Amino acid sequence: MNSGFARILISKSLRVFLSGIIAIITPIYLKYLGLTPFLIGISIFIIVLGNVVTNLILTWFRNKINIKTYLMIISLLFSIAGFMIFFSTQLYIIFIALFLGNISTSGTETGPFQSIETGILPELVNKNFINRAYGIYNFLGYALSSLGSLTSSIPSYLGESLFSFKIFYLIYGIGGLVMLINYSMLNFKEEPSLRIPIKKFDKNAKKDLYLITTLFSLDALGGGFILQSIIAYWFNLRYNVSLKILGPLFMAVNIITAMSILLAPLIAEKLGNLRTMVITHLISNFFLIMIPVFPSFWLSVLFLLLRQSTSQMDVPTRQAFIVEIFKKEYRVSFNAISNTFRSLASLAGSPIDGIALGYSLFTFPLFSGGFIKIIYDLAIFYYYHNRVK
């Protein structure tokens, strides 16, 4: 295995393990501190906003930024955020930390780490291994996220004391330092000629950039209503379940997701990346809409698990689809701008969810997310089914 690819996998695994913990415990921790559903929705909004800003910086200064240096800087911010929340319970300090931390609020990342890693990954592996490399990258992400979700249940066994929450933010801070050291040893020399900003894209690449970014943003708009943090909070409010249940539940969610990720590249080798993206996503969105239909915890769990069995199969296939569409010198810039707009599009979801859940409108987040995502699936197939398999 290429050493650069191995270091990317190490950082990815550590990062999503820690985010898997933080994404689950943060809304519960803030509820413990006395925040209302609206303010908890705002806190998730701030997390996503932080991802937007760091992606924007990567986009604006693409021709000046060395990828390795940028990975080290955002790893340091990741670390500082964890230490800030560990040492303070002041709301404004917590909000600043959530903004700086580049936390993933779902198994799928949209922050600068993923923008860079998925952009350079094809340069770190054999050409014939690209699809499977994306499969491994995302499989490890969801597998480690599942362990993080299980670990997030620990505060319930410790009486949900203040320290039982805060210790995980200390671990998060230490993890950021480990990532910083790992990236400092990344053996990837980026040629300055490949640092192409958006304004230097050719005409066809710009057209694809605008169209695909719009479509991905539509998908993210729907996704903003159903972030993992929101779904965990939804189960807590709807069924009054504690972290003892939520931790193992989201461990199962992410294990199922991880297994499906491994299958996605194999299916794509038969059907093609685009068809695999669309078919699996449509199935998952049907199951998503069914989660709140029946007023039964176990039926909701069943449809959540069914949803996860196909919901993220589009992730490695979407990344491979981008490789089909864009030349290598465009990919990091495309990922950065696309993920920026995806994050911007998802911003509205959590505050609106906070308001809806405050009024016990429990079907609203899941219905909104599901139907918007179905529109995206049909639209991307319409525009690109004649371009790629």
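Modeller: Helices (H or I, at least four residues) and strands (E, at least two) are DSSP runs, numbered from the N terminus. By that rule, F334 is found in helix α15 (residues 328-346). This is a predicted model, in which local features need pLDDT of at least 70 and side-chain atom pairs count only at pLDDT 80 or more, while totals for chains, interfaces and linings use all residues. Residues are numbered from 1 along each chain as its sequence is written, and side-chain values use heavy atoms, with hydrogens and water left out.

Colleague: Is F334 buried or exposed?

Modeller: Buried means under 20% relative accessible area, exposed over 50%, and partly exposed in between (1.4 Å probe, protein chains only). F334 has a relative accessible area of 1%, and is therefore buried.

Colleague: With which residues is F334 in contact?

Modeller: Contact means heavy atoms within 4.5 Å. Leaving aside neighbours within four places in sequence, F334 is in contact with F201, L209, I212, T213, F216, I322 and F326.

Colleague: Which residues touch the most other members of the largest nonpolar core?

Modeller: A nonpolar core is a set of buried Ala, Val, Leu, Ile, Met, Phe, Trp, Tyr and Cys residues joined through side-chain atoms within 4.5 Å. In soluble globular proteins, nonpolar side chains tend to be buried together. The largest core here has 78 residues, of which L71, L98, W234, F235 and F250 touch the most other members. Helix α1 (residues 3-32) gives the most to this core, with 11 residues. Apart from it lies another core, of 22 residues, including I212 and F326.

Colleague: How do the axes of α9 and α17 cross?

Modeller: Axes are lines fitted to C-alpha atoms, for helices over the stretch in contact, and angles run from 0 to 180 degrees between N-to-C directions. Helix α9 (residues 203-223) and helix α17 (residues 364-384) have axes that come within 7 Å and cross at roughly 160 degrees. Angles under 35 degrees count as roughly parallel, over 145 as roughly antiparallel, 65 to 115 as roughly perpendicular and the rest as oblique. The pair α9 and α17 is therefore roughly antiparallel.

Colleague: Which residues meet between α9 and α17?

Modeller: Among them, I212, L215 and F216 in α9 belong to the contact, as do I372, Y376 and A379 in α17.

Colleague: Where is D314 placed, and is D314 buried or exposed?

Modeller: D314 lies in helix α14 (residues 314-325). D314 is buried, with a relative accessible area of 3%. Beyond four places in sequence, the contacts of D314 are M277, T280 and H281.
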